[in-house]
Amino acid sequence: MRTQVAIIGAGPAGMFLAHLLRADGIDALVIERRDRSYVEGRVRAGVLEQATVGLMRRLGLADRLEREGMVHRGTNLSLDGRMFHIDMAALTGGSTVTVYGQQEVMRDLFDAAQVRGLEIAWNAADVALHELDGTRPFVTWRDADGAARRVDCDFVVGCDGYHGVSRASLPADVRRTFERVYPFGWLGILAEVPPVEDELVYANHERGFALASMRSATRSRYYVQCGLDEDVADWPDERFWDELCLRLGPETGARVTRGASFEKTIAPLRSFVSEPMRWGRLFLAGDAAHIVPPTGAKGMNLAVSDVTMLGEALAGHYRGQGDAGIDGYSARALARVWKAERFSWWFTSVTHRFPTMDGFDRRIQMAELDYIRGSEAAQRTLAENYVGLPLTGGVSSEAV
Ligand code: FAD
Ligand code: DHB
C-alpha cells in the first residue's frame, strides 16, 4: 500500500487532518488502534472555539453543529457562591464559543469520512513507525485478522494522543518534555436534566472547584474537583449532587435539577509539552504532543489548531510552494500551544483548591478573582484566551 500522508490515530486531530488533506486533494490513510464506536463513545471535551467552528464550516461538516450547537456569548465565574458574568463577545469584538460535545464532533467527522471515502484502518494493533529520518518512511501494523500490514508514505503524522506510539519514535536526545502534574482530578457526570444556567459556571469554593456545563437544553455535564486516590464508587449520585450544590453556593445550588447520572468518571489533570513537534518525516499534533488541564476547555481546540497549521504546511509542499511551512510547523504550533498551556495552567491555579494551600494562598486566589470581577482589562484577557487566540504569529520558546 502507498499513500502520501499516514495519520496515526482517528481522534479529533487525525480526523480533522484527514478532511483537511482531502480538501486539498492529498491522499491520506488513518490508522486507528480501536473501532469507531469506541472513539465516538468517549465523553470528553464540550466547548468549541470560534476557529474550530469555522473549520467545521469550511470543511462542510457543520450542518448538525448549526442546528444543535449552543452559541455562548459569555461565561460565569463563581467565588464562594457569588457568581459574576463575563461578556466574552462584548470584550472580544464579537467572538463566541459553541457548546457541542466531542462525541458529536467525532460522529460528524466519521459520517462525512464515510461519504467522502476517506480511508481508515480500524483495530490496528502493534502500530510501528519506520525510517522517519530518511526520505521513504513507512508504517506497519497488524489488522483485525492478525495479518501484517504496511503502508509507504511521504510523511507520518502522529495524532495518537498522550498514550500513543508516535511521540516515543523521536530519539531521546532530540525530545524535550515539560510537565506539571496537579494533585487532584475532576469527577465528571452526565445527567438528563436541564442545565442550571444558560452559560457555564466555573466555581472556586473553599471545598474545591466545580464546573456546571451542558450538552443540550435537557442534558447537563457537571464536574467537581476530587482527590487523585478517590474512586467513583465513593461518589453515589446523592453525594455528587450535594457537593456540587455546596460548591456552586446556596443561590445557584438551589436551582440545580438533580437526576440519575449515566456517566461518571475521574480524570487526572496534567500540563505537558513535548518538543519539537516535527522530526524528519514525522509530525506530532494534538494530545500526542501536549496535554492541558481541562479548565480552559483547550484540549480539543489545540488539536484542531495544530492540524490546521499542518494542513496548510503540507498543502504548500504538495503544491510545489516550498517547505517553509513544513520547516516552520513545530515553532509555529508550539508558540500557540504554550499560550494555551499558560492559560490553562493559570485558570486551574486560580480556581482549584491545592492541598498545600495556606491562608495566604487562598486570599491571593480570592483577590485575583475579585480583581477579575471588577476589572474590564482582566476580563478581556480571560475572554480573549477563552474564545481562542489567533493562529498566526508568535515566538516559540523551542530554542530556549
Ligand atoms: P485523542 O482524542 O486522544 O485521539 C487519539 C487517537 O489515537 C485515539 O482514537 C486512540 O485510540 C488512537 N491511538 C492511540 N494509540 C494508538 C496507536 N498506537 N496506534 C493507533 N492509534 C492509536 N478537553 C477539554 O477541552 N475538555 C474536557 O472536558 C476534556 N476531558 C477529557 C477527559 C479525558 C479522560 C481525556 C483523556 C481528555 C479530555 N479532554 C478534554 C481533552 C480532549 O479530549 C483531547 O485534547 C482531544 O481528544 C485530543 O484529540 P487528539 O486527536 O489529539 O487525541
Ligand atoms: C466542559 C469541559 C471543560 O473542560 C470545560 O472547561 C468546559 C466544559 C464540558 O465537558 O462541557
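**Conventions.** I worked with a predicted model, in which local features need pLDDT of at least 70, side-chain atom pairs count only at pLDDT 80 or more, and totals for chains, interfaces and linings use all residues. Residues are numbered from 1 along each chain as its sequence is written, chains are lettered from A and ligands numbered from 1 in the order in which they are written, and side-chain values use heavy atoms, with hydrogens and water left out.

**Sheet.** I traced an open sheet of 8 strands with mixed pairing, in the order β6-β5-β14-β15-β16-β13-β17-β20. Helices (H or I, at least four residues) and strands (E, at least two) are DSSP runs, numbered from the N terminus; two strands pair if DSSP finds at least two bridges between them. At the edges I found β6 (82-86) and β20 (290-291), each of which pairs on one side only. I then looked up β15 (residues 208-216) and β16 (residues 219-226), which run antiparallel and are joined by 6 bridges. For L211 I noted Y223 as the bridge partner in β16. Helix α7 (residues 237-248) packs on the sheet and touches β5, β13, β14, β15, β16 and β17, contact meaning heavy atoms within 4.5 Å. The direction of α7 makes about 80° with that of β16; axes are lines fitted to C-alpha atoms, for helices over the stretch in contact, and angles run from 0 to 180 degrees between N-to-C directions.

**Ligand 2.** Which residues come nearest to ligand 2? Of the 14 around it (a heavy atom within 4 Å), I listed Y202, S213, R215, Y223 and P294. A polar side-chain atom of Y202 lies 2.7 Å from an oxygen atom of ligand 2, a polar contact being a pair of N or O atoms within 3.5 Å. The side chain of R215 also places an N or O atom 2.7 Å from an oxygen atom of ligand 2. The protein covers 97% of the 290 Å² of accessible area that ligand 2 has on its own (Shrake-Rupley method, 1.4 Å probe). β15 gives the largest share of the shell, 3 residues.

**Ligand 1.** Of the 28 residues around ligand 1, I recorded A13, E32, R44, Q102 and D287 as nearest. Polar side-chain atoms lie 2.6 Å from an oxygen atom of ligand 1 for E32 and 2.8 Å for R44. The protein covers 85% of the 990 Å² of accessible area that ligand 1 has on its own.

Terms used:
A polar contact is a pair of N or O atoms within 3.5 Å; within protein, one must be able to donate a hydrogen and the other to accept it, and residues adjacent in sequence count only if both atoms are side-chain atoms.
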